[in-house]
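This report goes through one protein chain, from its overall layout to single residues. Please keep the sequence and the model at hand while reading.

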Amino acid sequence: MQKYNISINYKMKTKLMMLFAAATMLVACGGNTTKNKAAEEAVPAIEIDALLADAATMTGQEVVIEGLCTHACQHGATKIFLMGSNETKTIRVEACELGAFKQECVNSIVRVTGKLVEDRIDEAYLQAWEARSATEKEHGEEGEGGCSTEKAARGETGNSVAERIADFRAKIAAEKEATGKEYLAFYHVDATSYEIVEE
């Protein structure tokens, strides 16, 4: 009888040790899972080149992008430009409800979360631009030469309003011949948050 009790105690001790080992493994795995979960929740940023290449399929979606800020608009820094591999791979970011961007963004790597928006330039847009330009001339105002950073991003070659409009008309004609679309599509991001990743 004594021998039987010793056997039971041995089996219980063995089971308890196995349960302890299993619990230790679960706690250890649980800790790693938490770290992995946190890593998964950090959304990876899309490179500017990749965003522009797939922009037509991502319009209206929330995106996270990261790039070198090459320029902030001079009128209160309400927009910045993030560059990819070169200045033709640049996207405009609007501050929207954020109000403005910090001037420290310029020449820094900036990470932005926001909604991707399509901007279409078609004949109606160009005619409205011509009408605005004519009104400005009547009132003695100078025609807009445009932001050089945005012009580079859109591949513009003209300097005056008339040259820029003629340039767009030629590009729309080429687009219509190539794809059947009677407009040019450009994209920008309406920011909901941003951070300077590296200065």
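## Basis of the model

This is a predicted model, in which local features need pLDDT of at least 70 and side-chain atom pairs count only at pLDDT 80 or more, while totals for chains, interfaces and linings use all residues. Residues are numbered from 1 along each chain as its sequence is written, and side-chain values use heavy atoms, with hydrogens and water left out.

## The chain as a whole

The chain has five helices and six strands. Helices (H or I, at least four residues) and strands (E, at least two) are DSSP runs, numbered from the N terminus. In that direction the elements run α-β-α-β-β-β-β-α-α-α-β.

Of the 199 residues, 27% count as buried. Buried means under 20% relative accessible area, exposed means over 50%, and partly exposed lies in between (1.4 Å probe, protein chains only). The chain exposes about 13000 Å², and carbon and sulfur atoms supply 55% of this area. Accessible areas come from the Shrake-Rupley method with a 1.4 Å probe, and for residues only the protein chains shown count as cover. Among contacts with a separation of 6 or more, 65% are between residues 24 or more positions apart; a contact means heavy atoms within 4.5 Å.

## Helix α2

Helix α2 covers residues 48–58, and its buried residues are Ile48, Leu51, Ala55 and Met58. Seen down the axis of α2, these buried residues fall within an arc of 90 degrees, so they line one face of the helix. The arc is that of the directions from the helix axis to the C-beta atoms. Ala53, Ala56 and Thr57, on the other side of α2, are exposed.

The cover over the buried residues of α2 includes the strands β1 (46–47), β2 (62–72), β3 (79–83), β4 (90–94), β5 (109–122) and β6 (183–198). After α2 comes Gly60, with a positive phi near 90 degrees.

## The second largest pocket

The second largest pocket holds about 400 Å³ of space. It is lined by 20 residues, and Leu52, Ala153, Ala185, Phe186 and Tyr187 lie nearest its centre. At least two lining residues come from each of α2, β4, α4 (148–153), α5 (161–179) and β6. Strand β6 gives the most, with five residues.

On a 1 Å grid over the protein atoms alone, a pocket is an open set of points with protein on both sides within 12 Å along at least five of seven lines, where a 1.4 Å probe fits; lining residues have an atom within 4 Å of a point. Grid points are joined across faces, edges and corners, and the volume is the space filled by probe spheres set on the points.

## Cysteines

How many disulfides does a search of the whole structure find? The search finds zero disulfides, a disulfide being a pair of cysteine sulfur atoms within 2.5 Å. The sulfur of Cys69 has its closest cysteine sulfur in Cys105, 5.5 Å away, which is too far for a bond. Cys69 is buried, at 0% relative accessibility, whereas Cys96 is partly exposed, with a relative accessible area of 42%.

Most residues other than glycine have a negative phi. Ala77 is not a glycine, yet its phi is positive, about 50 degrees. Ala77 sits in the loop between β2 and β3 and is buried, with a relative accessible area of 3%.

Asn107 also has a positive phi, about 70 degrees, without being a glycine. Asn107 lies in the loop between β4 and β5 and is exposed, at 60% relative accessible area.

## Three further residues

Val43 is in the loop between α1 (2–41) and β1 and is partly exposed, at 46% relative accessible area. Not counting residues up to four places away in sequence, Val43 touches Val64 and Arg111. Val43 and Thr113 are 70 residues apart in sequence, with 9.9 Å between their C-alpha atoms.

Trp129 belongs to helix α3 (residues 123–138) and is buried, at 7% relative accessible area. Beyond four places in sequence, Trp129 touches Val161, Arg164, Ile165 and Phe168. Asp167, in helix α5, is buried at 13% relative accessible area. Leaving aside neighbours within four places in sequence, Asp167 is in contact with Gly155, Glu156, Thr157 and Gly158.
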